[in-house]
Amino acid sequence: MQFDDDADLDTSQVQDSRGSRIPGGGVTIGGGIVGLVALVLGLFFGIGPQELGLSSGPAPAATSSTDAQVSQHCRTGRDANTREDCRIVAVVNSAQSFWSQEFARRSRAYTPASTVFFTGRVNTGCGAATSAVGPFYCPADRKVYLDLGFFDELKSKFGASGGPFAQAYVVAHEYGHHVQNLLGTLGRSQDRRTGADSNAVKVELQADCYAGVWARHATTTPEKSTGRPLLKELTQADIDDGLSAAAAVGDDRIQEKFQGRVTPESWTHGSAAQRQQWFGTGFRTGDVARCDTFR
């Protein structure tokens, strides 16, 4: 996975709140079973923590930190090739360039969504949350929330192969939820039903497919500033890392690993095979129309 060294990064699309302090500690979610349940429900779920019942009220406002601002360090594609946080900025830029152009091609308007980097806990338009819920998209404020420490857990706790494109897949999946929000399909997941054939699962699989569509076009989508794609190269090894990440967060894999049995009636994301299948469908076809998981 290689970015154009000379491309400029747009850090205005990322809000860096790492190192911020929330007075009084805010709302916390414990580890162990509580943290696990929160993670299984919240991981890539696409709705905010309050709607998952994880917030008992807004957290106090965070105090800004000046030592973790991507605007200071993430200026070019060369930075994205050497720093993890800058890489995520580049993926956000690339994903939004693609979706903006795809929406325009369909005579629709794309509204950009910011990504918020945080550490430990964060206050959002959907309520207060901690890192235990994993990466998530909040439709209320149209932002993606991400604690970069999750990428280490993706390997150490969930057994994914890791790699830069595994991280890109996670981010692209969350922007898939933003696309669903703009198109009016995200709300289908909020009927509180679970199970292998639930709308919650179909919404997640569609976001996987949208991530694959972006990946298919990422190396050919030109940036306005340069006329060149920000992402220059994706190898088969990169795609394999994305597929590994998709499988690692399948409901069956998570349930087997953490509770010792698989219970399809409680699924909210789909099986490892399904998640790989739908990411693969998006990547193979590059066609948004092929991502209709509700058929």
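Reply: Strands β4 (residues 121–124) and β5 (residues 127–130) pair in the antiparallel sense, with four bridges between them. Strands here are DSSP runs of E with at least two residues, helices are runs of H or I with at least four, and both are numbered from the N terminus; two strands count as paired if DSSP finds at least two bridges between them. The model is a predicted one, in which local features need pLDDT of at least 70 and side-chain atom pairs count only at pLDDT 80 or more, while totals for chains, interfaces and linings use all residues. Residues are numbered from 1 along each chain as its sequence is written, and side-chain values use heavy atoms, with hydrogens and water left out.

Parallel pairing is found elsewhere. Strand β2 (residues 14–16) pairs with strand β3 (residues 114–117) in the parallel sense over three bridges, and Q15 has V116 of β3 as its bridge partner. Strand β3 also runs parallel to strand β7 (residues 143–146), to which four bridges join it; there, S114 is partnered by K143 of β7.

The aromatic contacts come next. Rings of Phe, Tyr and Trp (its six-membered ring) are paired if their centres lie within 6.5 Å, and planes under 30 degrees apart count as stacked, over 60 as edge-to-face and the rest as tilted. The whole structure holds ten such aromatic pairs. One of them joins F98 and W99 edge-to-face, at 4.8 Å centre to centre and 65° between the planes. Both of these residues are buried, where buried means under 20% relative accessible area, exposed over 50% and partly exposed in between, for a 1.4 Å probe and protein chains only. Another edge-to-face pair is formed by F158 and F258, at 5.6 Å centre to centre and 65° between the planes. This pair links distant parts of the chain, 100 residues apart: F158 is in the loop between α5 (150–156) and α6 (164–183), and F258 is in helix α9 (residues 251–259). F158 is buried because its relative accessible area is 8%, whereas F258, at 35%, is partly exposed.

One aromatic cluster consists of F165, Y169, W214, F279 and F283. R216 lies over the face of F283, at 5.9 Å from the ring centre, and R188 lies over the face of F294, at 4.2 Å from the ring centre. For such a contact, NZ of Lys or CZ of Arg must be within 6 Å of the ring centre and within 35 degrees of the ring normal.

On a 1 Å grid over the protein atoms alone, a cavity is a set of points where a 1.4 Å probe fits but cannot get out, and lining residues have an atom within 4 Å of a point. The largest cavity is lined by F118, S131, G134, P135, Y145, L146, D147 and F150.

Terms used
1 Å grid on protein atoms, 1.4 Å probe; cavity = no way out; pocket = protein on both sides within 12 Å on 5 of 7 lines; lining within 4 Å.
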